[in-house]
Amino acid sequence: MTTDDGAQQGSESGAAASAALDGTIWPEVDRALAGVTATAEPSVLDVIVWIPRDEIVRGLRALKHDANLKFDYLRSLTCVDNEEEGMDVVYHLYSIEHGYNLTVKAHLPVDDLNLDSATPVWRAANWYEREAAEMFGVRFRGHPDPRTLLMPEDMTDTFPLRKDHPLAEIEVLQGEALAFPSGAGGGGEEE
Amino acid sequence: MATQVHPDHEFDVQDLMINMGPQHPSTHGVFRMVLVVDGEIVRDVVPYIGYMHRGGEKLAETMDYRQGIGWMDRTEYLAQFNAELSYVMAVEALAELQVPDRAQWIRMILCELNRILSHFMFTGAFGTDVGVFGTAFTYSFREREVIQDLFEEITGDRMMYAYFRPGGLAWEVPDNFVPRVREVLKSVRQGIKDMNGLLTDNEVFRARTVGVGAISAADATDWGCTGPVLRSTGVPLDLRRTEPYLKYDEIDFDVITGTTGDVFERFTCRIGEMWESIRIVEQCLERLEPGPIMPDRMPRMLRTPPGEIYMRTEAPRGEYGIYLVSKGGNRPHRLKIRSSCFANLQALRDMTIGSYVADAVVILGSLDIVLGEVDR
């Protein structure tokens, strides 16, 4: 499940897992990802490839530029919050020329939510990363435009899509702010 | 903006910032963009979205799988069936439900009619954007109304259908479904011809759109564009063809592509797709046979085993994806909606820089954004 297991076992072991990967594009991906510690896992539709977060951009770039794969289209980029088990950043890739699908995942521990930005690989990652950053608190290093996207500009301390964030928390906070304005004239902290 | 000496002139010039939106008739909802203009030329565009953000992905985590269907309508409120389809197919794939044939054919008919409906909405709104004020809009809405009446007869609602269910359909279509659909198609055919006469063959319309806001295939791919925006550049990416779902592999239809990727081709691609949708619906009607619309045994409360899936379908605006992560139980652990407009809108800056201010409105209109889907 985690990248640590994968690094210890290596991609050769695990006969059951490799049997499930027969007939998939994993051998091609494995070859393209030479020099990157990647492990594969079958899923309902697409193969999932785990890449350690320090190597993620190197891996993604290799997948995009490999002549036999050419994952030139970033379908989607998002996060999944697994609470105390940390957070997964998920990339869904598609190769227009070959029609291949691939899911790439990077695992982030709870205490260090930093990851290199994928914007140098696909420009499409720009808004997806901005959304993931404001919703989950993941920091994408080297992002060219790290502003909020869907949330208000000043809402940089709460992360609504995290599991520990209650559904109604924002309404509660706004209600308090309305009832007890911090500034004298209602202008608040702008003064 | 800093004062600078214009290269062509001997005097100092200054760029002007113009704020457009969020309340603006040509932004198709609550969308704001800041234009940096030098005379009539747009030098930079900064889009601002999020005015309609309702936290839908968080809401979906609190709803069980059947409640989530209603929420999908509210994200993509011009192509509701297509949005529902991605969601129910994701749940079906995880729960390993087999959808009966009849339900699949009906789903295809409704999704293609919904595509026509959505494209009529586009032609009407886009006509207004380029200056054909009113006429194209009313003609489009006449046709849209015909389809919407049919949807109302089937589902009981004009906008928020909530008709698809994991496993099949909520209930059987009315007895006169097939003749009614044929009636609708007859009306739609005339409607498309009207649109061609009003817009496609109109010299003024062409002067406003041909060569405007072009984007290359490589750029469109890099920005993650899909749907007519990508196909107008010549990339034949249509999920109905590349990754067939439902029964699209048994149906004969063409993928409409363009060559230049300008505003005019984005428009003609959609017109061409409406003709293809009619073809698809006609073939589906031929294949439609009586039968069950739900699997024999459905659990009272639908639960999915742990797993994850990224289910994608071809909605009118492009790829509508649902990334569903389940940890068991009756509701998603995480539900991400991959919106086609969200990605298409990212390319707006590339398309608009260097064009005239008046064309910025046309280019935005040609993307056919639905803010409910962009902001979710």
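Author: A residue counts as buried if 20 or more other C-beta atoms lie within 10 Å of its own. Note that this is a predicted model.

Reader: What makes strand E9 of chain B mostly covered?

Author: Nine of the nine residues in E9(B), residues 318-326, are buried.

Reader: How do you know which strands pair with E9(B)?

Author: Two strands pair if at least two bridges are found between them, so the bridge counts decide. Nine bridges join E8(B), residues 307-315, to E9(B), and these strands run antiparallel. Tyr310(B) stands opposite Tyr323(B) there, and a hairpin of two residues joins E8(B) to E9(B). E10(B), residues 334-338, pairs with E9(B) over five bridges, also in the antiparallel sense. In that pairing, Ile322(B) has Ile337(B) as its bridge partner.

Reader: Why is H4(B) called roughly antiparallel to H14(B)?

Author: The axes of H4(B), residues 101-130, and H14(B), residues 357-367, cross at roughly 175° and come within 9 Å. Angles over 145 degrees count as roughly antiparallel, so the label applies to H4(B) and H14(B). Ala125(B), Phe126(B), Asp129(B) and Val130(B) of H4(B) meet Val361(B), Val362(B), Gly365(B) and Ser366(B) of H14(B). By class, that contact has five nonpolar, two polar and one charged residues.

Reader: What makes residues of chain A and chain B count as in contact, and how many do?

Author: Two residues are in contact if their C-beta atoms lie within 7 Å. By that rule, 26 residues of chain A are in contact with 31 residues of chain B. The largest share of chain A's side, six residues, comes from E3(A).

Note on methods
Residues numbered from 1 in each chain as written. Chains lettered and ligands numbered in written order. Predicted model: local features only at pLDDT ≥ 70, side-chain atom pairs only at ≥ 80, totals over all residues. Axes fitted to C-alpha atoms, helices over the stretch in contact; angles between N-to-C directions. Helix = DSSP H or I, 4+ residues; strand = E, 2+ residues; numbered from the N terminus. Parallel < 35°, antiparallel > 145°, perpendicular 65-115°, else oblique. Nonpolar A, V, L, I, M, F, W, Y, C, P; charged D, E, K, R; others polar. Buried ≥ 20, exposed ≤ 12 C-beta atoms within 10 Å, placed from the backbone.
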